[in-house]
Structures are given as structure tokens and as C-alpha cells.
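Student: Could we go through some of the labels used for this model and see where they come from?
Tutor: Gladly, let's take them one by one.

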Amino acid sequence: MAQELQSINLVAPAFKGINTEDSPLAQDPSFAEIADNAVIDKRGRIAARKGHTVITTNNTVLGTDSLRAIKDYRDNAGNTKLFSVGNNKIISGTTTLVDETPASYTINANDWKIVNFNDHLFFFQRGFEPLVYSQHTGAVEKMSVHAHSSGVASTMYGHEVLAAYGRLWTADFSTDKSTIYWSDLLDGVAWSGGSSGNIDISKVWPDGYDEIVSLAAHNDLLIIFGKHSIVVYAGATSPASMTLSDTIAGIGCVNRDTVQYTGTDVLFLAHTGLKSFGRTIQEKSMPISSLSGNITKDLIAALQNETEFFRSVYSPEEGFYLLTFTGQDMTYCFDVRGTLENGSYRVTRWPSTGFTSFTTLTDGTLYIGTSNGISTHTGYTDNNVSYRFKYYSPSLTFGDSSRIKILKKLKPTLVGANNATVFMKWSYDFDTTYATAEFTVGTQITGFYGESEYTTVEFTGGQLTNQRSLNTTGYGTSVQVGLESEINGSSLSLQEINVMALIGKLL
Amino acid sequence: MIMNIPGYTGTSGGLSSGGLNLPGYTGQSGGLSGGGLNIPTMGNANISPQLAAATPGSSGGFGQFLTGAGNVLGDIFGGVQQIGSAISPAIPAIAGSLLTKEAYDRLSNVGDTAYQRSMDLAERGQQESQFRPFTVTTPTGSAFTARMGGQPQPPMMTGGPVAPPFTPVLRSGVMPGTVMDAGGAFGSGQGRPPAMPVTGGPAQLPPQFTPVLNQVPMTGTVMDGGGAFGSGQGRPAGMPRFAGSPDSQPAADAIARQYQQPTPQPQGGLEIGMSLSPEEQSMYEGLFGGAGRFFGQAQQPTAGREQEIFNRMRAAQMPEEQRQRLALEERLAAQGRLGTSSAAFGGATPEMLAMATAQEEGRNRAMLGAMQQAQAEQMQQASLGQQFLGSSYLPQQQLLAALQPGLTQQQMAQQAQQFGTGLFGETALSGIEAQLLAEQARANLLGGVGSNILAGMFTPQTNKVTGATTPAAGIGDLGGLFGGVSEGLGTIIRGIGGIFD
């Protein structure tokens with residue numbers, strides 16, 4: 001006797017991002033087992049990420065290396081200049097990269113941290129004399145030769161630098177992991193005299209010993225990240241009088257370049273995943289929420305396997321926090337617009353992007369450094385190369401894991417994906433061999449009458465929605481559904497997937 | 001009747017009751033009485049009247065001897081008779097001459113005697129008006145003595161113990177009353193030799209003080225050398241009060257010389273001595289030595305004392321500083337700021353700088369306080385030295401204060417002495433004058449008698465009844481006198497020569 005098809009509607013699939021922590025059978029269908037090259041778009045749908053467009057036309061100075069850090073210089077007069085580092089050089093420019101390395105200054109590492117402070121741009125890297133660029137000098141120079149510099153010594157060649165509270169702060173030295181130096185007020189080259197000073201927190205670490213990794217400034221607090229602990233000082237506007245406000249043991253920061261400010265929080269990568277300080281008004285303790293609770297194991301594995309740099313960026317315009325493991329060429333995208341019930345951000349993965357550095361400009365532009373030079377986070381190709389968008393749902397039991405499910409149809413609803421070829425995939429019972437149904441999305445011209453003259457924005461109502469119905473085969477107690485598509489110039493959003501299945505007998 | 005032939009210069013002895021002293025006889029005692037004869041050619045022998053009146057015996061050799069002696073004596077007395085026979089007509093002339101000569105001699109002796117007596121009186125007045133040593137002794141045993149140099153010490157009234165000399169205390173010959181070191185007066189600011197102990201004090205008394213202060217203090221009131229000045233007679237003690245007629249004045253002068261002779265003449269200036277009782281001396285020495293020590297300490301460099309005071313003040317401050325330092329350390333540790341170093345706060349935290357500043361201010365205050373304290377102590381030492389020095393002279397001052405009434409008494413005694421001396425001199429001078437007048441009158445009287453006798457011998461006498469006129473003996477009588485006398489003397493000498501034949 002024929003049975004009625006049972007419809008299981010996966011509305012806004014994966015809009016909660018990846019969840020590799022919970023059991024697939026018990027997961028909410030809103031999670032995704034895989035969400036590569038995807039973001040959560042403005043409507044809460046999983047969508048293909050943006051690509052990047054290389055704006056550099058001459059990257060000769062970079063050679064075969066990649067840009068390891070990017071920072072734009074900006075002074076009060078409005079002068080700007082983009083600096084980057086790579087290939088053991090200090091580089092400036094966007095279209096044509098120019099070597100700005102000071103004469104007789106040898107660089108053999110590219111792990112610089114660059115900060116803007118009071119019309120100066122400062123370059124800090126452990127074991128190297130800090131470099132300074134300012135508009136009035138017009139060139140990058142060693143800090144010790146900069147005008148009015150003082151107290152520049154190898155003891156303060158820090159790896160971490162922070163511009164906050166009117167001073168430069170530096171820490172993480174070659175032989176001193178517990179001292180923080182601060183410069184004179186509003187003078188980043190004066191490290192002696194004035195109100196400059198230092199503090200040794202070796203006696204302050206809550207677990208007895210730690211090493212400073214990073215510094216952060218937030219809400220009149222100086223947050224000192226150790227590898228396994230965090231020390232917070234209050235009243236950092238007057239560093240000589242700042243007092244210990246809180247200490248947190250067991251949580252530290254993996255790398256200085258994972259610390260990003262979101263305006264209300266400070267995000268940083270700990271050994272147990274992405275963490276943040278949540279602001280509190282009533283409580284004096286510092287609540288720490290886990291922002292990567294859905295991919296903790298994956299993140300820890302990536303941490304352990306990383307051999308190069310960590311790079312991160314926060315883009316309020318895009319609403320994400322990108323964390324890149326450059327050695328593994330893996331970027332995790334955390335949607336910071338909201339958290340899930342468990343306090344985690346929705347997260348997707350961007351594998352094999354080639355991103356090695358980021359920076360955001362004041363106008364919201366996200367610059368990405370690659371081996372090609374400087375790119376902008378725009379378009380839906382990676383420098384005119386397509387990338388594959390992937391979505392895989394967790395294993396679905398449709399509420400009864402004891403009965404056989406026989407898939408009959410898959411009806412995805414896509415938004416965008418002009419002329420894209422879409423591969424719908426399914427498998428049963430955790431099998432990694434997927435059955436595939438392919439279809440090509442037609443031209444998604446939004447102009448009336450199909451005339452190009454009407455394809456301009458002013459005449460369009462937005463992206464078009466495409467629904468397809470694909471017949472499927474096979475059966476099993478659990479079903480996993482996926483969608484892949486090459487993103488090559490057009491966006492793609494997955495609105496929903498309607499799964500039509502017959503519920504079979506009990507096994 | 002006594003007859004001394006002119007030329008006789010003896011002062012005693014001689015003939016009495018009609019004896020005759022021949023010129024050249026200078027014997028001092030013995031002599032003839034009852035008509036004896038003193039003959040200078042016989043070695044001032046005196047022939048007694050008994051010998052002259054002796055009569056020879058009637059039997060034996062002795063009778064012969066007596067007969068011989070009688071012959072001799074007969075010759076002698078025959079000679080004497082011849083002399084007497086020769087003299088008797090010239091006796092008036094001789095007597096007048098002798099009386100006249102006696103008057104002349106007495107007038108000559110009046111001036112000499114007046115001069116001698118005046119000089120004696122002046123000498124006595126000088127002696128009696130000279131300064132009389134005296135001693136003022138206070139009830140506490142200190143004494144003030146004043147005398148002229150060479151005068152004997154005033155007699156000791158009570159046997160108080162002798163004040164110890166200053167030598168052991170004052171070793172360096174510095175006068176008491178001036179704090180000195182070996183190199184000079186402390187007040188001169190010259191400093192003292194580094195090796196000299198500061199507390200040494202004055203080392204030696206001035207020489208002129210030593211004999212005085214070593215004197216035995218005397219007790220009593222204002223005294224002169226022989227007793228209380230209150231007697232005011234200016235007479236040496238034990239000397240019998242002068243009384244008698246002017247004739248007895250030489251004897252009185254002799255007695256006065258006898259009593260005044262032991263009194264030495266002043267050999268030097270006025271010597272003033274003060275002595276203290278043993279208790280006062282001990283107190284004086286203690287106070288004086290203490291003053292020296294205080295002054296010595298006042299002259300010590302204050303740096304060492306400042307350091308000592310500073311160390312003690314710091315020792316008192318350090319525990320609290322340590323507590324505050326520990327409290328700050330704990331507070332900084334609780335605030336996680338132990339390792340804070342700010343160039344704006346001297347390489348530390350504001351609290352550490354504030355504490356260090358406070359502690360440094362405390363140290364500075366302690367240092368200044370130590371300096372002030374050391375200087376105050378120096379001033380105190382100087383003040384104490386001054387007080388001790390002043391107090392050390394207090395017995396002396398009190399002695400001098402007690403001297404005032406004694407000095408008044410002495411002045412009164414001196415005035416009485418001088419008054420008595422003046423009165424004595426005036427009285428004695430009056431007696432001398434009266435004596436001189438009497439002597440002059442006696443001489444004039446003798447001269448008048450002699451003149452009258454001589455005038456009678458050369459003037460013819462007319463009996464107003466009978467009208468008979470006796471011619472003046474004249475010079476012829478004198479020739480008969482000298483011839484008879486010479487013949488009589490020859491007979492005597494032959495008689496005497498017969499004695500030895």
C-alpha cells in the first residue's frame with residue numbers, strides 16, 4: 001500500500017553554522033556538518049563567502065612570499081599610507097609594493113605587529129629594533145634614530161605592542177616574558193624619562209608562572225594575556241598607579257594576532273578555542289564565554305597543527321571575525337552578530353584561501369594579504385578563481401532513528417547562484433560516499449524582459465530565487481544532505497532544502 | 001756734792017757725795033763716794049774712800065808697812081792738801097766756769113735730744129701707722145687675708161685644715177677663673193692640641209695664688225697683728241702704756257723699741273689671700289673641673305654627636321618605616337604593582353615615591369634635628385660650663401661679700417689706729433717740747449749762776465757797811481791754783497811712788 005511522502009523541511013539550513021561537537025543524530029538540523037567557504041548572510045542563511053580581488057599589480061619585492069601583516073598609516077592631517085611586511089621587508093603601497101626597509105637594517109623574520117599611534121606607525125617584532133614611520137620623516141626608520149627618541153634598548157624590543165591610553169605598551173621580549181614597558185605619554189619613541197615606566201608581573205601570575213603573549217586595552221583596563229592566564233589591571237590611564245583588577249587562571253592567549261576588538265568584547269584565541277571578555281556592569285568578575293564551542297575540537301586540532309602564523313581580523317561591516325591558520329591555510333569565520341544558545345558564535349570554514357594577513361580600513365574595507373599582494377574582500381572569486389561552496393547537514397533521523405528513511409526528492413531553494421552548477425548530495429547511515437544530483441542554475445538576470453538595459457540595480461528587485469526538485473535514491477535510517485557549488489562571480493545563498501522521504505519499516 | 005772736772009765723759013758712776021772725777025776718766029761703774037777720786041791715768045781706777053782714809057798700824061812689819069804707807073799717804077794727802085790749798089782760792093772761778101760750761105753743753109744737747117726724740121717719734125709713728133694684716137673668716141670656713149709683703153702671717157685664730165693646693169687640679173699654670181688649655185685661652189677659639197683631653201680643665205694655679213691659698217684659714221673678726229683692732233690704741237700688744245715725766249721718756253722709748261723691734265718692716269706690696277674651707281674647696285674643685293669639662297665638651301666638633309643623635313633618631317624611626325614599607329609592599333603586591341617602575345616617580349610607584357619621599361623627609365628632619373640637638377647640647381654644655389664656672393666662684397664671691405663688713409671694721413680700726421698714732425705723736429711731741437723748754441731753762445739757770453760766779457771773781461767787792469773794798473782775785477789766783485795743784489799732784493805721785501818702793 002502506497003504511503004504518503006513525509007516532508008522534512010530544512011528551513012535556513014546551517015544558519016547556526018558548523019557543529020562538530022554534538023552527536024550528529026541529536027543535532028538540530030540548523031547546524032551544519034560542513035560549511036566551507038560559507039558565511040551567514042544578512043538574512044541568516046548560509047551563503048557563499050565573498051572572494052578577494054588582488055589590487056596589487058607589482059609585487060616584485062614580495063617575491064614568492066606572502067604578505068604577513070598589513071596596516072594602514074593614518075595621521076591627523078588625513079595622510080594615509082598602506083604598509084605591509086613580507087619577504088623580510090617592510091613594504092608600502094597597494095598596487096605597486098615598495099620596499100621601505102631602512103638601510104642597514106636586516107630582517108630575517110616577518111612576524112611584525114604594526115600599530116598606529118599619534119601620527120606614527122610603529123613596527124614591533126621580537127629581537128628587532130622597532131621601526132617608525134611618520135609623515136614628516138617620510139620613511140621608515142629605526143626608532144633609535146627617530147627624533148626625540150630615548151630609552152630605546154634591546155630590552156624593549158618587544159614582540160607585542162599596544163597603542164592605548166595615550167602610550168605605547170610593549171611586552172614579550174627575548175629574555176623577559178613578564179615585563180611590560182610603556183612609553184612616555186603621547187610619545188611612542190620615548191621609553192625613558194617622562195612618565196614612561198615598566199611593570200614586572202612575574203609575581204602576579206595567578207598560577208605562579210606564565211609568559212606574556214599579548215596586551216589589550218578595554219574599558220580602562222589593561223588586559224595582559226599570558227599563555228595560560230590573564231591579568232587585568234585597572235586604571236591604566238595612569239600606569240604608575242594602575243592596580244590589579246582581576247586575574248584569570250587556566251585561560252590564556254595563543255597568539256597576539258588572534259586578539260581582536262569587537263567594540264563590546266575582546267576576542268582572542270585560547271588553547272581551548274575562541275574566547276571573549278563580556279562586559280559586565282554588575283559583576284566584578286570577568287565572565288568568559290566560549291565562542292567556538294561548536295568546533296572546539298577542530299580548533300584545538302588546528303592550533304596544535306599550526307606551524308606558521310595566526311592571523312585574525314574583525315570586520316564590523318561583514319559581521320565576522322576571521323581566524324586564519326596560515327600554515328594550514330584554514331580560516332574560520334565566526335559570525336559575531338549574535339551567539340547561539342550555548343554562547344557560541346556561528347562559525348563556518350574557509351579552507352585554502354591563501355590568506356596570510358588582514359586589515360580593515362576606517363572605511364570598512366577589508367584588505368587581505370596573500371602571495372599576490374594586497375586584495376580587497378570583494379566579489380565572489382578568489383582573484384578570478386572560483387572556489388567551492390559546501391554545505392552538509394548533520395545526519396537526519398527525522399525524529400525516529402529506528403525506521404528506514406527512503407529519500408524521494410530534494411527540493412533546494414537557492415538565492416543567486418547565477419549560472420552556477422549545483423551539486424546536491426546525500427548519503428545514508430554516516431556513509432561518506434555521497435550520491436549526487438547535479439543541476440545548473442540558469443542565468444539570474446534580474447532585468448525585465450531579459451534585456452540588459454534593465455539589469456541595472458535601479459530596475460531590479462535583488463537576487464532571484466531558484467527552486468529545483470531532484471529525485472533521489474537509496475535508503476537508510478539516517479540521512480545526510482549536502483550541497484556544493486563552485487562560486488565564480490555570483491553569490492549563492494541556501495534558503496531551504498525540502499526533503500521528501502518515505503518512512504519505512506522498523507529495523 | 002759731785003764734781004766732774006771738765007773733760008770727763010763718763011755716763012754713769014763717778015763721785016757722789018763730794019767725789020772728784022778727773023778729766024779722762026771713762027769708767028762706767030763703780031767709783032768713789034764720799035770724797036773718792038777717779039783717776040784716768042790709773043786705767044780708770046777708782047780709789048775708794050776707805051782706801052784713801054786708811055791709817056797705818058803700830059807694830060811689826062805691818063806696822064812698818066803701815067808706817068811706810070802712812071808716809072806715802074801722808075805725802076799723798078799732803079799733795080792733796082797742797083792742791084786743795086791751791087784750789088780753794090780758785091774755787092769760785094772754777095765753779096763758775098764749770099757751770100757755764102755745763103749750761104753750754106746742755107743747750108747743745110737740747111737740739112740733739114730734740115732731733116733724736118723727733119726721729120724716734122717719727123719712726124714709731126711710721127711703725128704704728130703701717131698697714132696691719134687682717135683676716136676675715138666666714139662662718140662657712142673661708143678666709144680672706146690681707147698683709148703687706150714681708151709681714152708675718154696673721155696669727156691663726158682657729159686651726160682649720162689647710163686648703164689643699166690647687167696644683168693637682170689646675171695643672172697647667174692657668175689662673176682660676178679663666179678656662180684655659182695648654183695652648184691658650186679657650187675663648188680665643190684657637191682650639192686645643194688634638195691629643196689633649198678635653199676634660200682636663202685648668203691645670204695649675206698662678207704662683208701668686210699658691211702661697212695664699214695654702215694659708216691656714218683663720219677664724220675671728222677683724223684683727224690686727226696683735227689683737228682686735230677694736231682696742232684702737234695703736235700700741236703693740238703687751239707694751240705697757242706710756243706714762244711718766246719727760247725725764248723718763250728715754251726709758252719709755254727704749255721699752256717701745258724693745259717691743260717694736262720684732263715687727264718686720266714691709267718688704268713688698270700688699271698681699272691678699274683667700275682660702276676656702278675644705279667643703280667649699282671640694283665644691284670649688286668639682287664645679288671648676290666640671291666647668292672645664294663642660295667647656296671642653298662644648299668645644300668638641302658636633303659632627304660625631306650629630307651622627308650619634310641621628311643614628312638614635314633613625315633607630316627610633318626605622319621600625320615604623322619598616323612596618324610602613326612592609327604594608328606598602330603588601331598593598332602593592334595585592335594590587336599587582338610590586339614590579340612597577342615609573343620614570344615619573346623616580347623608578348617606582350607613586351606610593352613608593354611618596355613613602356620614600358616621606359622617609360627621606362624624615363631622614364632630613366632627623367638630620368636637621370640631630371644638628372639642632374647637637375648644637376643645643378653644645379650650647380647647653382657651654383651654659384652648664386658657665387653656670388659651673390660661676391658657681392665655682394660662688395664661695396669666693398660670698399667670701400668677698402662677707403669681706404665688706406669686715407673691711408669696714410678694718411677701715412674703722414685703721415682709722416682708729418691712725419688717729420691713735422697721730423694723737424700719740426702729737427702728745428709725745430708736746431712732751432718733747434716741754435722737756436726741751438725745761439732743759440733750756442735749766443741750762444739758762446746754770447749759765448746764769450756760772451756767769452754770776454765769774455763776774456764776782458773779777459769784780460771788787462765793797463762792804464757797804466764798812467766801806468772796805470776787797471780786790472778781785474783775778475788771774476793771779478788762777479796761777480796760784482794751777483801752781484798749787486801741780487805741786488800737790490807731784491806730792492801725791494811721789495807718795496804713790498813711795499808705796500811701790
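Student: What is the distance of Arg49(A) from the ring centre of Tyr387(A), over whose face Arg49(A) lies?
Tutor: This is a predicted model, and in the model that distance is 3.9 Å. The cut-off for a charge over a ring is within 6 Å of the ring centre. The charged end of Arg49(A) also sits over the ring of Trp350(A), 5.4 Å from its centre.

Student: Why are H7(B) and H8(B) called roughly antiparallel?
Tutor: Helix H7 (residues 302–334) of chain B packs against helix H8 (residues 350–392) of chain B at about 160 degrees, with axes 8 Å apart. Angles over 145 degrees count as roughly antiparallel, so that label applies to H7(B) and H8(B). Their crossing is right-handed, and the contact residues comprise 12 nonpolar, 8 polar and 8 charged.

Student: What makes the pair of Phe325(A) and Tyr332(A) edge-to-face?
Tutor: Over all chains there are 21 aromatic pairs. In this one the ring centres are 6.0 Å apart and the planes stand at 90 degrees. Planes over 60 degrees apart count as edge-to-face, so the pair gets that name. Both Phe325(A) and Tyr332(A) are buried.

Student: And why is the pair of Phe134(B) and Phe144(B) called tilted?
Tutor: Their centres lie 6.2 Å apart, and the planes are at 45 degrees. Stacked needs under 30 degrees and edge-to-face over 60, so this pair is tilted.

Student: How do you know that Phe134(B) is buried?
Tutor: Buried means under 20% relative accessible area, and Phe134(B) has 2%, so Phe134(B) counts as buried. Phe144(B), at 6%, is buried too.

Conventions:
Residues numbered from 1 in each chain as written. Chains lettered and ligands numbered in written order. Predicted model: local features only at pLDDT ≥ 70, side-chain atom pairs only at ≥ 80, totals over all residues. Heavy atoms only, no water. Axes fitted to C-alpha atoms, helices over the stretch in contact; angles between N-to-C directions. Helix = DSSP H or I, 4+ residues; strand = E, 2+ residues; numbered from the N terminus. Parallel < 35°, antiparallel > 145°, perpendicular 65-115°, else oblique. Left-handed = near helix turned anticlockwise from the far one by under 90°. Nonpolar A, V, L, I, M, F, W, Y, C, P; charged D, E, K, R; others polar. Phe/Tyr/Trp six-rings, centres within 6.5 Å; stacked < 30°, edge-to-face > 60°. Buried < 20%, exposed > 50% of the residue type's maximum accessible area, 1.4 Å probe, protein only. Lys NZ or Arg CZ within 6 Å of the ring centre and 35° of its normal.
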